[in-house]
Amino acid sequence: MANALIIVDVQNDFCEGGSLAVAGGAGVAAGISRLLAAEPDRWDHVVATKDYHVDPGAHFGDPADYIDSWPVHCVVGTAGSEFHPELTTGPIEAIFHKGERAAAYSGFEGHADDGECLADWLRARGVDRVDLVGIATDHCVRATALDAAREGFATTVLLDLTAAVAPETLDVALRAMEGAGVAMHGEPVIRAA
């Protein structure tokens, strides 16, 4: 069997200077790149997810409530939807886009350009174990990790390569992941702005 690294939503709009910035996002991008350079053979496969909004309806709010609605972010065709420049993209074999016309937090809701979903892509390559990194620990990383575990993958979140939005939602996310059998390595970090 094989393992895979899933890089969750390391996009410009979720990093410093973006429309929905998470403090520490750029550091996460650089940290992932350092890890991939230091351990290029650690994973058999590397994939990434992207928030990829066209018209996600009530997911965009004005004003946003930061619970169910958010400022406009990661709109298809904008610089905000692109990977952060500190993220090395060479090892990424496939990108799974999510949220075109509705809210989508989990990478398992996404699809590659050919329409294949993340779970099918991983299974087709014999993957049974996944590690997750990215943004944000308490939202899209959490949702992707919970779905990975539900799909039967042995799931680990590398917490020191994630950035969280807020202490309260981080605590809820950590408890939910632990309850679902998701392994977590490193210290949960909430980065000050």
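In this predicted model, strands E1 (residues 2-8) and E2 (residues 45-51) pair in the parallel sense through five bridges, and within that pairing Leu5 has Val46 of E2 as its bridge partner. Strand E1 is also joined to strand E4 (residues 127-135), again running parallel, by seven bridges, and in E4 the bridge partner of Leu5 is Asp131.

Seven of the seven residues of E1 are buried, so the strand is largely enclosed by the rest of the structure. In a regular strand the side chains alternate between the two faces of the sheet. In E1, Ala2, Ala4, Ile6 and Val8 point one way, whereas Asn3, Leu5 and Ile7 point the other way, and the residues of both sets are buried.

The cysteines form a separate topic. With a sulfur-to-sulfur limit of 2.5 Å, the count of disulfides comes to zero. Cys15 is accordingly in no disulfide, its nearest cysteine sulfur being that of Cys74 at 9.3 Å, and Cys117 is likewise in none, with the sulfur of Cys140 as the nearest at 17 Å.

| Cys15 | Cys74 | 9.3 Å |

Terms used: Residues are numbered from 1 along each chain as its sequence is written. This is a predicted model: local features need pLDDT of at least 70, side-chain atom pairs count only at pLDDT 80 or more; totals for chains, interfaces and linings use all residues. Side-chain values use heavy atoms; hydrogens and water are left out. Buried means under 20% relative accessible area, exposed over 50%, partly exposed in between (1.4 Å probe, protein chains only). Helices (H or I, at least four residues) and strands (E, at least two) are DSSP runs, numbered from the N terminus. Two strands pair if DSSP finds at least two bridges between them.
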